Amino acid sequence: MNELELLEQADTLARAYTGNIYTRRAFPSADAITALKGFDEPLSDEGHPEVETLTMLDQLGSPATVASNGPNYYGFVFGASLPVAAGAERVSLAWDQCASSADTSPAADAIERKAGQWVLDILDLPSESAVAFGTSATACGLSCLAAARAELLARKGWDYLQDGLVGAPEIKVIVSESAHVTIRKALQILGFGWARVLKAPVDAHGRIIPAALPALDDRTILVLQAGEVNTGAFDPFDQIMPLAEAAKAWVHVDGAFGLWARATPELRPLTKAVERADSWTTDGHKWLNTPYDGAMAICKNAHALARVMNSDAAYSHASAAAQKT
Ligand SMILES: Cc1ncc(COP(=O)(O)O)c(C=O)c1O
């Protein structure tokens with residue numbers, strides 16, 4: 001089988017899977033899960049013939065998938081893939097681009113820039129914001145929180161990237177008592193010990209109670225939520241934002257699924273004043289129904305995000321210059 005025939009075979013299997021998605025049970029049967037033992041074979045030097053690998057993937061793997069891409073799935077807040085989004089992913093898989101810059105992929109660069117502008121437009125967030133596409137709200141939230149810390153320290157005359165954290169002014173972090181577990185994880189990876197993170201009391205729906213918010217200052221990162229994962233509740237941004245602005249605190253909004261409420265006239269009031277925050281995260285693979293994995297880190301101060309997250313190797317400039325000649 002040549003390369004094209006092999007890809008056609010993969011496409012046939014993928015189309016058959018998608019074609020069955022309406023009748024597929026949401027969670028696989030016990031038998032299908034037991035059959036996964038078929039993958040448990042010794043590593044061999046020869047491997048399988050290519051087409052056999054595809055067949056095995058389909059025969060053993062497909063029945064044991066969770067059909068979150070179908071209409072019978074009501075588990076987590078996962079989205080499905082809209083057909084056009086799944087199709088676009090198929091095309092981009094063929095491209096196999098390293099989408100890190102215009103040097104490695106002019107197409108990806110142009111598309112990401114445009115998509116970023118559209119995201120700001122749809123969500124009605126400040127047009128000067130940077131939009132970075134990442135794998136998850138977890139990773140994008142981590143990026144925004146890293147930018148927040150570096151920027152708050154910079155405002156105090158401390159260069160976090162050069163001098164690290166030893167001896168740095170302490171940055172206070174306040175999260176909702178009902179913050180998503182991935183915010184906790186991101187903060188812990190960044191070195192904010194969970195015991196030192198202040199927890200803002202919430203009401204029965206999981207919304208921060210503004211009157212009970214711990215004191216804010218200009219060394220505070222405050223994490224709010226647009227869409228609490230258990231209740232769907234939104235923090236009262238319109239009451240909290242004036243307090244944060246007066247204190248010059250950095251406000252980050254975890255809007256993994258809920259931020260898209262802004263695009264819906266009936267739900268938009270829930271997000272009143274959210275645009276006054278400093279950074280936001282949201283997912284494509286939830287309410288927007290793009291394929292996994294796709295999320296956005298949005299930061300009003302584009303420089304703050306770029307400074308913390310960019311990596312600029314000398315070899316990348318050299319090889320970019322060479323490939324253009
Ligand atoms: C409110 C909230 N924040 C963050 C996340 C994490 O999203 P991801 O899986 O894209 O990292 C979720 C996932 O359900 C969520 O509901």
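How do the residues of the shell around the ligand divide into nonpolar, polar and charged? Six are nonpolar, six polar and two charged. Here Ala, Val, Leu, Ile, Met, Phe, Trp, Tyr, Cys and Pro count as nonpolar, Asp, Glu, Lys and Arg as charged, and the others, Gly among them, as polar. Of the 14 residues around the ligand, Ser-136, Ala-137, Thr-138, His-180 and Ala-256 come nearest.

Some ground rules. This is a predicted model: local features need pLDDT of at least 70, side-chain atom pairs count only at pLDDT 80 or more, and totals for chains, interfaces and linings use all residues. Residues are numbered from 1 along each chain as its sequence is written.

Now the whole chain. Of its 325 residues, 30% count as buried. Buried means 20 or more other C-beta atoms within 10 Å of the residue's own; exposed means 12 or fewer; partly exposed is in between; C-beta atoms are placed from the backbone.

Next, the core. The largest nonpolar core has 62 residues. Such a core is a set of buried Ala, Val, Leu, Ile, Met, Phe, Trp, Tyr and Cys residues joined through C-beta atoms within 7 Å. Ile-221, Leu-222, Leu-224 and Val-251 have the most contacts inside it.

Last, Ser-105. Is Ser-105 buried or partly exposed? Ser-105 is partly exposed, because 18 other C-beta atoms lie within 10 Å. The C-alpha atoms of Ser-105 and Thr-290 are separated by 21 Å, and the two residues are 185 residues apart along the chain.

Key:
A residue is near a molecule or strand if its C-beta atom, placed from the backbone, lies within 6 Å of it.
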